[in-house]
Amino acid sequence: MIANRRKMSGHFPEDVLISILSRLPVATVLRCTAVCKSWYALISSPLFISAHFQFNSAKTHLLLRYCDGERVVDKKENYELYFDDNDTFEVYRKFEFPFIGVNDYFRIVGSCNGLVCLTDDMGEYNLTTILWNPSIRKSVVLPEPRVTFTSHGACSHTHGFGFDPLSNEYKVVRIVNIWLNDGPPQVELFELGKGRWRDISQAASGFLYRVGATAPAAFARGILHWAAMDENFRNVILSFDVSKEVFGEISLPESVASASLRYFTDLRVGMYKEELAVFVHGTYSMNPYCCVWVMEEYGNVRSWTRLFSINHLRLGFQLLVGFRQNGEALFVDRDKCFAIFDPKALVIEYLDIHGSYLHAFYASTYTESLVFMDKVEWSDTNTVRDLLLKHSIEDDADQCTHS
């Protein structure tokens, strides 16, 4: 039976196979790698990986991350995909998290084209950074960056992760502020195809911004965006074009630019549907508020529009983490539980998703992909030594072969 199946597979022209297989979801494509060696080679080829993603790029889900357990032995990071195009909010797929870190949880730098960028740097001196494709259970551990505590002394840093469509490269940018140096920061860039960090500090000449050490970045239109503060202590958006490798600035609405915030995390850049947005947690006349502004026309500062402003604490909310594609907001409530808030109907729906750490909650639009299928896993052994990778794609093939 197996011999006949392999014989039949050889009768399909390659372009026909690509056309058929590229329409299948990732989990089904992975099972197809066990059919025969020629199918595995085809599915692992850059040509097929690109064709599959182009065909499925519009099929998005909502990725949620939350953490269970407060003791070391109980800690668990949960990564789950949910259907985001219906009202039932059903689970589509759950991922097993294969890494063990030194901190309470990994910080999510961002996700792009099915890859999730993680850092174990909540204490700022552990420098483990990972690119992970949970859909196919493959990952790459980045080598140690060039700017460290050992090389430059006490410092703080922030990351961004995105894709350069011009060079077809995935890039991680790292902005490092040296505490005993009042000058511009050190900036380094990791390119996946080259496998090393590169100094691009010249891009930050005249750089007069302060970015929170763990400030999340939003990636849109080939550009990374962070909430920052300029030399006049006004809030702005710091941008970085991953293709041109240059920094820029986007002005915020006056009420946001001049807002006095207690923490860097009180102002965050995110996405509302396909548009750039800022989430503000502040206090006005002793009343706490959560306000969301959306840039309706990218790059046009006059197009900033206030989406809503609510007293989130009165509603029992602590933190806004993101939005669904239908415009509903995802909050974390006072019991560290996910809640869906409809800002138009003013309706709240509580989800049975509970976590232990407020700032470990994460929500983002996610597209499954086969990125990394064509790569043999590699890593810097100095950074991967304390990590445990539990599964590999070969496990899936073995299970299918013996089923």
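The protein chain has an accessible surface of about 19,400 Å², and 51% of this belongs to carbon and sulfur atoms (Shrake-Rupley method, 1.4 Å probe). The model is predicted: local features need pLDDT of at least 70 and side-chain atom pairs count only at pLDDT 80 or more, while totals for chains, interfaces and linings use all residues. Residues are numbered from 1 along each chain as its sequence is written, and side-chain values use heavy atoms, with hydrogens and water left out.

Of the 403 residues in the chain, 53% count as buried, that is, under 20% relative accessible area with a 1.4 Å probe, protein chains only. Among contacts (heavy atoms within 4.5 Å) between residues at least 6 apart in sequence, 50% join residues at least 24 apart.

The chain holds 9 helices and 25 strands; these are DSSP runs numbered from the N terminus, helices being H or I of at least four residues and strands E of at least two. In helix α2, residues 14-21, the buried residues include Leu17, Ile18 and Leu21. They lie on the same side of α2 because they cover an arc of only 100 degrees around the axis, taken from the directions from the helix axis to the C-beta atoms.

Cys67 has Glu77 in β2 as its bridge partner.

How values were computed: Two strands pair if DSSP finds at least two bridges between them. Buried means under 20% relative accessible area, exposed over 50%, partly exposed in between (1.4 Å probe, protein chains only).
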